[in-house]
Amino acid sequence: MRMRAAVLEEFGAPLSVQEVELTDPRAGEVLVRLVACGVCHTDLYTASGADPSGYAPAVLGHEGAGVVEAVGEGVKDVRPGDRVVTLFSPQCRECEHCRSPRTNLCLAIRDEQNQGHLPDGTTRLSRDGEPIRHFMGTSTFAEYTVMPEIALAKITPEAPMHHAALFACGLSTGLGAAMNTAKVEPGSTVVVFGAGMVGLGAVAGARLQGAERIICVDLSEDRLALACGQGATDTWIGGEDTVQQVLDETRGFGADYTFEATGNVTVMRQAVESARMGWGLCTVAGVAGKGETLEVVPRYLITGRRVAGSSFGGVKGRDQVPGYVELALAGEIDVEPFVSHRIRLEEVNRGFELMHAQDGIRSVIDFDQ
Ligand SMILES: NC(=O)c1ccc[n+]([C@@H]2O[C@H](COP(=O)([O-])OP(=O)(O)OC[C@H]3O[C@@H](n4cnc5c(N)ncnc54)[C@H](O)[C@@H]3O)[C@@H](O)[C@H]2O)c1
Ligand SMILES: [Zn+2]
Ligand SMILES: [Zn+2]
């Protein structure tokens with residue numbers, strides 16, 4: 001079929017919205033009609049050329065929610081009409097990692113996905129016979145996408161799709177960091193560094209876990225106001241004194257749990273140093289720049305602090321994303337404040353500009369507009 005998609009033609013140049021060709025789903029694959037898609041930093045990072053593993057031409061986008069239109073041979077878990085959230089982090093339920101409760105890093109299709117191919121090593125996207133690659137295995141800046149069944153989470157048909165899309169990346173990452181990776185305990189003191197989509201999700205996750213005190217640290221008053229709406233009990237403007245401030249507020253010990261959601265390695269270090277001696281756990285969700293390293297004085301570790309990393313919040317997507325969407329539908333997570341702008345596919349570059357200007361948390365593309 002022919003459809004409209006936002007194509008990355010050249011690094012550093014705006015995406016080009018144009019007609020491309022998409023072929024039918026093969027065995028184990030699903031055709032999804034996109035209804036909504038968030039615009040995320042990772043899309044911009046790749047479009048800018050800063051990501052050394054990026055490739056072009058490719059259809060970007062990974063925060064998608066849509067409706068199943070058709071399924072290929074052998075697809076069992078979804079059928080036409082089902083509502084789905086796209087997963088850049090798939091869950092095959094068979095590999096060594098999927099069978100372990102300790103990680104969500106499915107091994108099934110990593111190599112092909114990293115090269116922009118579907119699992120059989122080919123692409124369904126093309127233009128005038130020239131293949132176009134699939135970004136993050138999702139390519140959701142498009143009216144339709146073909147994805148493997150193992151990378152789709154089936155969700156309740158009642159969920160608003162512009163909310164559901166946020167669970168495809170940033171929101172699940174933050175929620176999962178608090179609920180899965182750290183498993184925040186009731187009554188805890190928590191510090192969240194960063195109040196973007198990921199940090200705000202971590203604030204909400206800490207609240208749902210029953211944390212007593214949730215301190216959110218950012219540089220933007222507007223974003224800190226949003227953190228209050230998600231359950232932050234204290235909001236601070238970050239700076240050089242933040243670690244000392246945490247110590248002063250916790251009888252000199254530090255916080256039970258800290259989360260880093262800025263991508264800045266200096267802030268990561270603050271997050272480690274703000275964790276409580278004895279048992280404090282620092283969870284790093286931010287993605288640092290290429291070649292950057294995290295400096296940790298070993299004494300912090302010897303005296304009982306731990307550091308964990310979290311990719312997609314440790315969330316096993318097909319099993320857990322549907323439950324997170326239900327939580328939002330039940331009123332436990334207030335998703336609407338995260339959707340700052342609703343735009344058309346043709347406005348995807350404006351979505352990048354808004355993100356660059358830190359105007360709101362997420363721009364969401366509405367395909368039905
Ligand atoms: N681990 C994963 O699977 C995963 C998934 C999605 C995003 N991420 C990463 O998580 C990070 C956050 O993503 P986001 O979408 O929330 O980004 P964002 O840019 O919207 O939010 C980052 C926030 O950090 C704040 N900040 C910057 N410097 C700070 C400082 N010195 N002190 C305190 N706050 C500071 C900014 O004001 C901003 O509000 C990024 O690095 C992103 O790449 C990771
Ligand atoms: Zn993302
Ligand atoms: Zn797997």
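Predicted model: local features only at pLDDT ≥ 70, side-chain atom pairs only at ≥ 80, totals over all residues.
Residues are numbered from 1 along each chain as written, and chains are lettered from A and ligands numbered from 1 in written order. Local features need pLDDT of at least 70, side-chain atom pairs count only at pLDDT 80 or more, totals for chains, interfaces and linings use all residues, and side-chain values use heavy atoms, without hydrogens and water.

**Exercise 1. Find the protein donors of the zinc ion (ligand 2).**

Step 1. Look for donors: N, O and S atoms within 2.8 Å of the metal (3.2 Å for Na, K and Ca); water is not among the atoms, so sites may look incomplete.
Step 2. Cys40 (SG), His62 (NE2) and Cys169 (SG) lie 2.0 to 2.2 Å from the zinc ion.
Step 3. Read their spacing in sequence: C-x21-H-x106-C.
Step 4. Cys40 lies in the loop between β3 and α1, and Cys169 in the loop between α4 and α5, so the pair ties together parts 129 residues apart in sequence.
Step 5. Cys40 and Cys169 are both buried (under 20% relative accessible area, 1.4 Å probe, protein chains only).

**Exercise 2. Describe the aromatic pair of Phe88 and Phe312.**

Step 1. Ring centres of a pair lie within 6.5 Å, and planes over 60 degrees apart count as edge-to-face.
Step 2. Phe88 and Phe312 are 5.2 Å apart, centre to centre, with 65° between the planes: edge-to-face.
Step 3. The pair links distant parts of the chain, 224 residues apart.
Step 4. Phe88 is buried, as is Phe312.

Technical notes:
Helix = DSSP H or I, 4+ residues; strand = E, 2+ residues; numbered from the N terminus. Buried < 20%, exposed > 50% of the residue type's maximum accessible area, 1.4 Å probe, protein only. Phe/Tyr/Trp six-rings, centres within 6.5 Å; stacked < 30°, edge-to-face > 60°.
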